[in-house]
Amino acid sequence: MRRGVWGRRCGTVLLAAVLTGGAAGCGSDPGTSPAPGSPGTTAGPSTPGTAGTPDASGSTAPTSTPQPGEVLVQVVVTGGFAGVRNQLVVHRDGEWTIRSGDKPPRTGRQTPAEAAELRAALEDPAFALVPARPTGRPIADGFQYAVTYRHRVIIAGDGDRPPALRRVFDALPEGGPPTSP
């Protein structure tokens with residue numbers, strides 16, 4: 001069975017919509033364009049959790065004023081001898097929450113200098129080059145770290161800590177990723 005150009009276009013739009021989290025575009029009239037800011041358009045920030053303003057080149061860059069509730073980075077730690085599954089969420093304004101098993105969540109706030117150090121470590125060009133998956137051999141009963149920053153997930157083990165990742169870990173609240181059960 002042969003699909004027409006419209007069918008391929010709709011399929012492409014559906015795939016793009018699914019990957020970006022929406023499904024607008026296929027049910028609309030082929031002669032109309034999507035509304036500004038709807039899925040499939042390029043206006044506005046492309047990264048949830050960061051407010052953006054166009055710069056001189058027209059691209060969108062994060063603003064320096066953190067918005068309430070914006071997540072800067074999330075670190076999930078699993079494994080270890082005790083079989084932990086802990087989660088650290090740091091918001092752009094420096095507030096953080098650690099969830100460990102059945103324990104009540106711990107919360108706190110980084111100082112402005114600590115929050116700036118963490119942002120600088122995450123925005124370092126070397127951090128963008130950290131491999132997305134472990135490259136070394138796993139360590140028995142070691143921890144695995146899933147670091148999510150701007151929709152990019154980096155999985156690392158205890159033996160896979162390039163300097164740029166160590167810099168991020170050192171800037172996290174409470175001295176690094178939460179590994180206590």
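Student: Are tyrosine 145 and phenylalanine 169 buried or exposed?

Tutor: The model before us is predicted. A residue counts as buried when its relative accessible area is under 20%. Tyrosine 145 and phenylalanine 169 both fall in that class: buried.

Student: Which residues make up the cluster linked by ring pairs?

Tutor: Phenylalanine 169 and tyrosine 145 belong to this cluster, together with one further residue. The members joined by ring pairs are Phe143, Tyr145 and Phe169.

Student: How many aromatic pairs does the count come to, and which kind of pair do phenylalanine 127 and tyrosine 149 form?

Tutor: The count comes to three aromatic pairs. In the pair of phenylalanine 127 and tyrosine 149, the ring centres are 6.3 Å apart and the planes stand at 65°. Because planes over 60 degrees apart fall in that class, the pair is edge-to-face.

Student: Where in the chain do phenylalanine 127 and tyrosine 149 lie, and how many residues apart are they?

Tutor: Phenylalanine 127 is in helix 3, residues 125–128, and tyrosine 149 is in strand 7. Phenylalanine 127 is buried at 3% relative accessibility, and tyrosine 149 is buried at 8%. Their pair links distant parts of the chain, with a separation of 22 residues.

Student: What is the geometry of the pair formed by tyrosine 145 and phenylalanine 169?

Tutor: The two rings are 5.1 Å apart from centre to centre, with 55° between their planes, and the pair is classed as tilted. Tyrosine 145 is in strand 7 and phenylalanine 169 is in helix 4, so that this pair, too, links distant parts of the chain; the angle and class asked for are 55° and tilted.

Student: Which residues have the most contacts inside the largest nonpolar core, and which element supplies its largest share?

Tutor: The largest nonpolar core has 25 residues, and those with the most contacts inside it are Val73, Leu118, Leu122, Phe127 and Val147. At least two residues each come from strand 3 (71–79), strand 4, strand 5, helix 2 (112–123), strand 7, strand 8 and helix 4. The largest share, five residues, is that of helix 4.

Student: Leaving aside neighbours within four places in sequence, which residues are in contact with valine 147?

Tutor: Valine 147 is one of the residues with the most contacts inside the core. Its partners beyond four places in sequence are Val73, Gln74, Val75, Phe127, Arg152, Val153, Ile154, Leu165 and Phe169.

Student: Why do the buried residues of helix 4 line one face of the helix?

Tutor: The buried residues of helix 4 are Ala164, Leu165, Val168, Phe169 and Ala171. Viewed down the axis of helix 4, they lie within an arc of 165°, and therefore they line one face. On the other side of helix 4, Pro163 and Asp170 are exposed.

Student: How many bridges join strand 4 to strand 5, and which residue stands opposite valine 89?

Tutor: Strand 4 (residues 84–91) and strand 5 (residues 95–100) pair in the antiparallel sense over five bridges. They form a hairpin with three residues between them, and glycine 94 in the turn has a positive phi of about 100°. The residue opposite valine 89 is threonine 97.

Student: Which residue stands opposite tryptophan 96?

Tutor: Strand 5 and strand 6 (residues 106–109) run antiparallel and are joined by four bridges. Their hairpin has five residues between the strands, with glycine 101 in the turn at a positive phi of about 55°. Opposite tryptophan 96 stands glycine 108.

Student: What is the phi of arginine 150, and what is that of glutamate 174?

Tutor: Most residues other than glycine have a negative phi. Arginine 150, in the loop between strand 7 (143–149) and strand 8 (152–157), is partly exposed at 35% relative accessibility. Glutamate 174, in the segment after helix 4 (163–171), is exposed at 53%. Both have positive values: near 50° for arginine 150 and about 60° for glutamate 174.

Methods: Residues numbered from 1 in each chain as written. Predicted model: local features only at pLDDT ≥ 70, side-chain atom pairs only at ≥ 80, totals over all residues. Heavy atoms only, no water. Pairing = 2+ DSSP bridges. Buried < 20%, exposed > 50% of the residue type's maximum accessible area, 1.4 Å probe, protein only. Phe/Tyr/Trp six-rings, centres within 6.5 Å; stacked < 30°, edge-to-face > 60°. Core = buried A, V, L, I, M, F, W, Y, C linked by side-chain atoms within 4.5 Å. Contact = heavy atoms within 4.5 Å. Arc of directions from axis to C-beta.
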